[in-house]
Amino acid sequence: MGYSKYRSNESLEDYLEAILMLQKANGNVRSIDIAHELNFSKPSVSVAMKSLREKEYITIADNGHITLTEKGLQRATSVLERHLHLENWLIDIGVSKETAYEDACKIEHDISDETFAKLEDILAKAYEKNTCSIINVLS
């Protein structure tokens, strides 16, 4: 996969995640809400919404309200869950909340499904033992 394709997928995932979070918080989502949330220009959001609509991740009503399709909801939920897991795990090992949030944003797009699943396995074992330390689980 080329770098530009990777960046494109990352950006689309960021949009889907933002739409899901805004939908949960406000109910209705418009392009301007997404622009404010992500601090992007309205024209950039417009281009992204066109791409998401073409990929059948969203629908846009005549009144401008954006809704995730089932396909879009599944992808957005997956990205958000991955982000939240990573953020919480980083906090659990002592990373500050602000840094954990930023690092989780970066990692969520790069980590493979295989690696993420292995991390989940290791951390599930840590939580079963009532310890959040990965070191204790691995030793």
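Biologist: How many salt bridges does the structure hold?

Modeller: Let's begin with the general idea: a salt bridge is a side-chain nitrogen of Lys or Arg within 4 Å of a carboxyl oxygen of Asp or Glu. Here the structure holds six salt bridges. Before we look at some of them, remember that this is a predicted model, where local features need pLDDT of at least 70, side-chain atom pairs count only at pLDDT 80 or more, and totals for chains, interfaces and linings use all residues. Residues are numbered from 1 along each chain as its sequence is written, and side-chain values use heavy atoms, with hydrogens and water left out.

Biologist: Which residue forms a salt bridge with Arg75?

Modeller: That partner is Glu13, and the closest N and O atoms of the pair are 3.0 Å apart. This pair links distant parts of the chain, since Arg75 sits in helix α4 (residues 70-92) and Glu13 in helix α1 (residues 3-26), 62 residues apart. Helices (H or I, at least four residues) and strands (E, at least two) are DSSP runs, numbered from the N terminus.

Biologist: Is Glu13 buried or exposed?

Modeller: First, the words: buried means under 20% relative accessible area, exposed means over 50%, and partly exposed lies in between (1.4 Å probe, protein chains only). Glu13 has a relative accessible area of 14%, so it is buried. Arg75 has 26%, so it counts as partly exposed.

Biologist: Where are Glu54 and Lys50 in the chain?

Modeller: Both belong to helix α3 (residues 42-54), and because they are four residues apart there, about one helical turn separates them. Glu54 forms a salt bridge with Lys50, with 3.8 Å between the closest N and O atoms. Glu54 is exposed because its relative accessible area is 56%, while Lys50, at 46%, is partly exposed.

Biologist: What does Arg30 form with Asp33?

Modeller: Arg30 and Asp33 form a salt bridge too, their closest N and O atoms being 3.2 Å apart. Arg30 is partly exposed at 39% relative accessibility, whereas Asp33 is buried at 17%.

Biologist: Let's turn to a strand. Which residues does Thr59 touch, not counting those up to four places away in sequence?

Modeller: For touching, we use contact, which means heavy atoms within 4.5 Å. By that rule, Thr59 touches His65, Ile66, Thr67 and Thr69, leaving aside residues up to four places away in sequence. Thr59 is found in strand β1 (residues 58-60), and its relative accessible area of 41% makes it partly exposed.
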